[in-house]
Amino acid sequence: MSSTLLIPVRTATPVVVEDLHVAFGKARALDGVDLEVRAGTTLGVLGHNGAGKTTLIKVLTTLLRPTTGRVVVDGLYVVTDATAVRRRIGVTGQYAGLDEFLTARENLELVGRLAGLRTQARVRSGELIDRLGLQDLASRRIGELSGGSRRRVDLAASLVGSPSVLFLDEPTTGLDPLARTALWEVVDELTTNGTTVVLTTQYLEEADRLADHIVVLNKGRVAARGTPTQLKRIVGGKVVTATIPADRLHRLTFPTDAARLVASDQVRVSVTANDAATAADVVARLVSDDVEFSDLDIASPSLDDVFTHIALEGALS
Ligand SMILES: Nc1ncnc2c1ncn2[C@@H]1O[C@H](COP(=O)(O)OP(=O)(O)OP(=O)(O)O)[C@@H](O)[C@H]1O
């Protein structure tokens with residue numbers, strides 16, 4: 001990769017969050033969150049709508065003051081050192097603003113000058129345009145670009161100041177598969193060279209691909225944490241999924257973890273099995289229950305299964 005994306009590592013644990021609470025009146029958006037992100041790693045923050053992801057990112061990027069708790073980014077307190085924190089971080093997502101009337105290149109240069117780069121702003125912008133494959137967009141005004149293209153320029157803008165910590169808030173929503181893969185590769189390069197990344201995403205595949213560690217938020221609390229592999233182990237050995245007629249669901253003589261309507265008369269059921277023998281037993285029960293099935297799949301758990309599992313446990317607790 002280009003050496004210009006090389007970022008110096010300033011602290012071993014650039015993001016530290018201790019007992020973070022954020023309340024909006026009586027509503028507790030975050031209710032005692034603890035987490036750490038080590039330098040050069042990517043933390044994936046996952047959770048259903050309203051879990052607290054955006055609130056967490058807003059606190060980490062100094063846009064929202066915590067109600068209580070200690071939050072340190074790149075060795076600085078987000079509340080008392082907010083201005084200095086802002087200089088050291090990059091943010092992409094719904095809050096970053098690009099000027100609609102300027103071209104992509106002009107926007108990058110403007111961000112560079114605002115970050116104090118002066119004459120280097122032009123050089124840095126050119127490097128990022130090349131590196132992120134934005135040549136076709138460089139001379140076009142932001143107001144003319146598609147949502148996906150704006151996101152790519154937005155990512156470039158967040159990198160102009162060579163941030164030590166990069167916050168990516170749903171960075172690939174709306175991107176086509178090629179652009180998504182290209183962005184993943186850039187994130188890989190950045191972390192390899194010491195940048196620390198905090199990522200929120202709705203795509204579990206994205207978290208699986210990018211995150212070294214994952215924190216799953218549920219109702220403002222950490223419901224699960226670990227590497228993608230550790231989280232998948234929570235679910236168990238194997239997940240059996242099959243599509244059956246919806247009106248046969250009641251005939252199953254074993255409990256299912258999830259049943260999702262995939263057509264007006266078809267449901268996709270999934271069952272967690274501790275080992276291969278139990279998985280085979282589930283298939284045998286489908287046969288003995290005399291339920292016709294299709295698209296049978298026996299696979300290791302995905303992060304989707306982890307989500308279903310945590311949601312089930314949350315509903316039971
Ligand atoms: N400004 C606010 N005033 C009142 N309640 C808020 C405010 N911002 C967030 N909340 C509440 O805090 C909780 C967490 O919201 P947050 O936006 O952080 O969730 P999220 O995980 O980012 O959800 P989504 O995936 O839908 O963006 C929700 O219950 C939300 O309604």
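Predicted model: local features only at pLDDT ≥ 70, side-chain atom pairs only at ≥ 80, totals over all residues.
**Stop 1: the ligand.** Start by selecting Phe-24, Ala-27, Ala-29, Gly-47, Asn-49, Gly-50, Ala-51, Gly-52, Lys-53, Thr-54 and Thr-55, the residues around the ligand. Strand 2 (27-37) and helix 1 (53-60) are the elements that each supply two or more of them. Helix 1 gives the largest share, three residues. Colour the shell by residue type and you will find four nonpolar, six polar and one charged.

**Stop 2: the core.** Next, select Leu-60, Val-73, Ala-156, Phe-167 and Val-198. In the largest nonpolar core, which has 72 residues, these touch the most other members. Now show helix 5 (residues 147-159), whose five residues make up the largest share of this core. Colour by domain as well: domain 1 (3-232) and domain 2 (237-300) both contribute residues, so the core lies between them.

Zoom in on Leu-60. Leaving aside residues up to four places away in sequence, Leu-60 touches Val-15, Val-71, Val-73, Val-78, Phe-167 and Val-198.

**Stop 3: the strands.** Switch to a cartoon and pick strand 1 (residues 15-24) with strand 4 (residues 68-73). The two run antiparallel and are joined by five bridges. Look for Glu-18, which stands opposite Arg-70 in strand 4.

Then move on to strand 5 (residues 76-77), which pairs with strand 4 in the antiparallel sense over two bridges. Here Val-73 has Leu-76 of strand 5 as its bridge partner. Finish at the hairpin of strand 4 and strand 5: two residues lie between the strands, and Asp-74 takes a positive phi near 55 degrees.

Key. Residues numbered from 1 in each chain as written. Near = placed C-beta within 6 Å. Helix = DSSP H or I, 4+ residues; strand = E, 2+ residues; numbered from the N terminus. Nonpolar A, V, L, I, M, F, W, Y, C, P; charged D, E, K, R; others polar. Core = buried A, V, L, I, M, F, W, Y, C linked by C-beta atoms within 7 Å. Buried ≥ 20, exposed ≤ 12 C-beta atoms within 10 Å, placed from the backbone. Domains from an automatic or database assignment. Contact = placed C-beta atoms within 7 Å. Pairing = 2+ DSSP bridges.
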